[in-house]
Amino acid sequence: MKQRREIAFAVTQPLGRLAKWLRLLGFDTLYEPEVSAVVFKKRCQKGILLTRSKRSAESEEASEEALMLNYVEADHINQQLQTVAAAMSLKAFDLKPFSRCIRCNAPIEKVDKMHLKSMVPDHIWETHENFSRCTQCHRVYWPGSHTDRSRNIIQKIFNPHDTKTHRSTP
Ligand SMILES: [Zn+2]
């Protein structure tokens with residue numbers, strides 16, 4: 001089993017959607033739309049800067065690790081992910097899908113469903129056994145709460161043999 005690399009990203013506007021996807025894949029991903037890319041990068045040294053701004057990508061702070069995504073249409077999330085995956089040589093074993101809150105980047109942890117009775121829709125509570133909750137914003141996740149589309153994209157972009165972390169409901 002290969003060692004999973006610890007890869008962190010710092011994502012600038014307008015790549016918020018990409019930031020959410022990177023979190024969904026399990027990467028530590030900072031995204032602060034209000035802060036300029038340079039200031040942002042100074043504050044998060046470990047993150048690899050993803051930007052659509054040529055100036056930011058070429059700035060000293062960004063170093064050679066900055067990936068310029070301004071040739072990718074903002075709407076085409078598949079292409080953005082593919083660009084990042086190719087540039088970073090990401091493989092399926094680098095991913096830890098559905099381990100991080102897509103809203104606030106904090107890790108999510110398993111939680112006893114008995115604690116969640118009033119926090120998820122009844123039919124979800126009744127038909128699922130495994131729930132996780134964000135350690136920071138307390139958003140609740142369960143297998144199937146991620147759309148088929150996320151799984152499809154993961155399968156398409158990364159090695160399809162190693163992404164069985166979550167499945168849809170049986
Ligand atoms: Zn959260």
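In these legends, two residues are in contact when their heavy atoms are within 4.5 Å. This is a predicted model, where local features need pLDDT of at least 70, side-chain atom pairs count only at pLDDT 80 or more, and totals for chains, interfaces and linings use all residues. Residues are numbered from 1 along each chain as its sequence is written, and side-chain values use heavy atoms, with hydrogens and water left out.

**View 1. Leu 81 and its contacts.** Skip the neighbours within four places in sequence, and Leu 81 is in contact with Leu 18, Trp 21, Leu 22, Leu 25, Ile 153 and Ile 157. Leu 81 also belongs to the largest nonpolar core, which has 32 residues; Phe 9, Leu 22, Leu 81 and Phe 158 have the most contacts inside it. A nonpolar core here is a set of buried Ala, Val, Leu, Ile, Met, Phe, Trp, Tyr and Cys residues joined through side-chain atoms within 4.5 Å. Buried means under 20% relative accessible area, exposed means over 50%, and partly exposed is in between (1.4 Å probe, protein chains only).

View 2. Helices (H or I, at least four residues) and strands (E, at least two) are DSSP runs, numbered from the N terminus.

**View 3. β1 and β2, side by side.** Strands β1 and β2 run parallel and are joined by 4 bridges; two strands count as paired if DSSP finds at least two bridges between them. Look for Val 11, whose bridge partner in β2 is Tyr 31. From β1 the chain crosses through α1 to β2, and this β-α-β crossover is right-handed. That label means that, with the strands pointing away from the viewer, the path from the first strand over the helix to the second runs clockwise.

**View 4. Two Phe rings, edge-to-face.** The structure holds 2 aromatic pairs. In the pair of Phe 9 and Phe 27, the ring centres are 5.4 Å apart and the planes are at 90°, so the pair is edge-to-face. Rings of Phe, Tyr and Trp (its six-membered ring) pair if their centres lie within 6.5 Å; planes under 30 degrees apart count as stacked, over 60 as edge-to-face and the rest as tilted. Phe 9 is in strand β1 and Phe 27 is in the loop between α1 and β2, so the pair ties together parts 18 residues apart in sequence. Phe 9 is buried at 1% relative accessible area, and Phe 27 is buried at 0%.

**View 5. Trp 125 with two lysines.** The charged end of Lys 113 sits over the ring of Trp 125, 4.4 Å from its centre. The charged end of Lys 117 also sits over the Trp 125 ring, 4.4 Å from its centre. To count, NZ of Lys or CZ of Arg must be within 6 Å of the ring centre and within 35 degrees of the ring normal.

**View 6. The β5, β6 and β7 strands.** Strands β5 (residues 108-111) and β6 (residues 131-134) pair in the antiparallel sense over 4 bridges, with Val 111 opposite Phe 131. Strand β7 (residues 140-141) pairs with β6 in the antiparallel sense too, over 2 bridges. Here Ser 132 stands opposite Tyr 141.
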